[in-house]
Amino acid sequence: SSSPTHPAVWGCKELQCARKLHIALPAMAGILRRAVARSAAALPQRGAASGPIKPIGPNFPLTSEKAMGPHGWMRGSYHFWSLSNPIRGPLYRVPWVVGGIHNPTIDPEKHFNTQDRFQTVTAMEFAKCWIYNWLPFRVMWLCVFAPVGMIISWTWLEQRREPMEIYMDREEYQKDFNSYYYGVYFDHHHFSHMLCQRRAHKWGYAGQDITLEEGHGHGHH
């Protein structure tokens with residue numbers, strides 16, 4: 001009894017598949033050889049006569065100003081400090097309108113070949129490339145610290161002022177009901193000053209704030 005994998009017991013279908021595989025394998029091998037040969041020919045060779053390979057250019061990671069607009073502080077498309085000539089550069093257009101960078105300034109074959117990076121890239125260039133990675137962090141920084149800063153500023157402002165008088169004793173309120181109930185509609189400035197005077201006496205600093213005295217900014221009352 002022969003093994004079912006032995007060619008002697010194969011049927012017609014198995015023989016046809018074997019012939020097709022026998023014909024396809026050399027062709028596939030040739031395709032793979034050509035693909036590898038193209039890649040090897042395109043990559044810079046180790047020890048080539050061209051010398052060490054520097055993966056970045058002199059202005060990396062910046063690129064063509066014609067494609068991406070001007071680089072640098074206050075050199076964008078809109079100039080903040082000018083009303084007569086505010087547009088200084090090309091307006092932003094989405095990639096599917098511009099067509100992307102049709103004339104790239106970064107060679108990917110050299111850029112991703114980092115075998116000589118420690119010989120060709122200086123410490124300052126390493127630091128510059130590392131710092132450029134932090135540029136997107138500006139948005140995250142604002143998203144976190146802008147609202148936190150506003151809340152802390154508001155809290156600091158409130159803590160430096162006397163607490164608001166949210167509730168008033170009923171007996172005290174009824175002593176001058178018309179002023180407390182209707183006063184804000186007749187003269188809201190005088191109403192605010194009246195409450196400031198009340199809080200000054202309630203919290204014990206009456207006579208210590210000159211801005212609450214007569215003749216200091218309240219002549220319109």
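Me: What secondary structure does the protein chain have?
Reply: The protein chain has 10 helices and 0 strands. Helices here are DSSP runs of H or I with at least four residues, strands are runs of E with at least two, and both are numbered from the N terminus. Residues are numbered from 1 along each chain as its sequence is written. The model is predicted, so local features need pLDDT of at least 70 and side-chain atom pairs pLDDT 80 or more, while totals for chains, interfaces and linings use all residues; side-chain values use heavy atoms, without hydrogens and water.

Me: How many of the residues are buried, as a percentage?
Reply: Of the 221 residues, 13% count as buried. Buried means under 20% relative accessible area, exposed over 50%, and partly exposed in between, with a 1.4 Å probe and protein chains only.

Me: Which residues of H10 are buried?
Reply: Phe191, His193, Arg198, Arg199 and Ala200. Their cover includes helix H8 (170–175) and helix H9 (177–186).

Me: What should the span of H10 be?
Reply: At 1.5 Å a residue, the 16 residues of H10 should span 22 Å, and the end C-alpha atoms are 22 Å apart, which agrees. The expected span is 1.5 Å times one less than the number of residues.

Me: Where is Phe118, and is it buried or exposed?
Reply: Phe118 lies in helix H5 (residues 117–120). At 64% relative accessibility, Phe118 counts as exposed. Phe118 and Lys54 are 64 residues apart in sequence and 9.2 Å apart in space, C-alpha to C-alpha.

Me: What does His111 touch?
Reply: Leaving out residues up to four places away in sequence, His111 touches Pro55, Ile56, Phe60 and Ile106. Touching is contact, with heavy atoms within 4.5 Å. His111 itself sits in helix H4 (residues 108–111).

Me: Is the peptide bond from Phe60 to Pro61 cis or trans?
Reply: Cis, with omega near 5°. Most peptide bonds are trans. Pro61 is in the loop between helix H1 (12–42) and helix H2 (65–68).
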